[in-house]
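Keep the model open as you read.

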Amino acid sequence: MFLRTLASLLVVTSASLAGEFRVGAARVDITPKDGTPLGGFYKFRGSAGVLDPLYAKTIVIEKDGVHAVIVVLDLSGTVRPIVAEARKLIQEQCGIEGDHVMISGTHTHSGPQQPRGSMMDEITKVNSPAGVSYTGMLPVWIAESVKQAKAKLMPVTASSTLGRAEGISFNRRILREGQPEAIWQPQKLTPKDRPAGPVDPEVGVLVFEAAGKPVASLLNFAMHPTSVGGGVKISADYPGVFTKLVSERHGAEMISVFANGCCGNINHNDYITGKRRSTLELGTALADAVDAAWGNLQPLTTFQPRIRSEQVVLKRRCFTEEQIAKAKDMAANMFTKNFGTVPMAETVCILETVAKQNEPLLAEVQVIAFSEELAVVALPGEIFVELGLALKKASPFKHTLIAELANGSIGYVPNREAFPQGNYEIVSARNEIGSGEKLIETALKLLGEVKKGK
Ligand SMILES: [Zn+2]
């Protein structure tokens, strides 16, 4: 009897009426076992202990049988083979087309590494048994979170607003008077220094409510999650604190999902005061910004999800024979000597580019719209903030949320002006100058299409 009641209840909850706009959200724990190779740094770190859990968080949006799926992983990013495998499983297990699925990473620097097909794999030991057993499970966990979210689809209303978090994020590239090359991550500015570019203080807030109760939110801000540091303990970094607080404060049942914006050159190192805010302080400042904006949430005019995605073919950078010889030389000694982050990043980039010179550098740009006022753009790399700001400004939507490190990653994507200024992000960029602008152009074209309903 009990089972029959349960079964009929399930039928009621999963049945939908024509024209209903529905959302379901779920999260699956993806915290690794001790000893799993970590990402985020140019060295091997095996995880030992957990500060806070990692999740695959999913929001499924549906109307009249058309689904859009947003998945964010508490990981340093996403890689193409894992995205492809997860999309395949989702298609098989949930009947949702793979290209209707967006998968991004928060860019936490205290989570497991994924294979990149470069020297980084050797450095981080991601292909060791512990690494393989973790990354092998990722597509399964992602599909499971989508399955659970889909099972919870319910009629909702959607609303959005933009908050502001001032003074917690910083453009980590600095120009010094009389010096052509940018300085990277200074401790404190001198009177001769100025930031090489802006920050994006906007906090995107998208909320889905069922019967007046928040059930899911998508939060968006641009800043590197590097506040935990380079230890061996697992942490979702500030996005973990941020999403936890938003759910605690606005709806215990709500799944809050954080997508990192265009933060390629943005971190939290306050070089004005020299202060280093903690993970808790950063997450709390962002949750406070959401609190302040919550009263301004405006209802969205929702429609059946419209998804477009395009593979953009980019040019790889070119290197001189001298650069290549120097990189090979350094690579030979990289496991015994510490050359520092910037030279190591440059070496890894040069050797990967040389090895893949005959392979096209593909970048998927994806756009998901389900309302007249708001759309989500997915970009596959660490995108400079200038590009994100330009995209938001030119977007035909009032609110444009951007998820970077989505559907794979091509590494750092600087804006055109930044290339001649050199330093870390530039020497480790795989793509030729102008690639970022090409991605933004494509995103704007796709946004135009979904806005018109094409
Ligand atoms: Zn980064």
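Strands S11 (residues 202-210) and S12 (residues 213-221) pair in the antiparallel sense, over 7 bridges. Pairing here takes at least two DSSP bridges between two strands. Helices (H or I, at least four residues) and strands (E, at least two) are DSSP runs, numbered from the N terminus. Within this pair, Glu-209 stands opposite Pro-214 in S12.

This is a predicted model: local features need pLDDT of at least 70, side-chain atom pairs count only at pLDDT 80 or more, and totals for chains, interfaces and linings use all residues. Residue numbers start from 1 along each chain as its sequence is written.

Now widen the view. The open sheet has 5 strands, in the order S13-S12-S11-S6-S15, with mixed pairing. S13 (255-260) and S15 (298-299) stand at the edges with a single partner strand each, so one side of each is left without a neighbour in the sheet.

Two helices come next. Helix H5 (residues 238-250) lies across S12 and S13 and runs at about 145° to S13. Axes are lines fitted to C-alpha atoms, for helices over the stretch in contact; angles run from 0 to 180 degrees between N-to-C directions. Contact means C-beta atoms, placed from the backbone, within 7 Å. Helix H6 (residues 279-294) packs on the sheet and touches S6 (157-164), S11 and S12. Its direction makes about 120° with that of S6.

Finally, the domains. Domain 1 covers 18-310 + 361-452, and domain 2 covers 317-355; the bounds come from an automatic or database domain assignment. Their C-alpha centres lie 29 Å apart. The contact takes 12 residues from domain 1 and 12 residues from domain 2.
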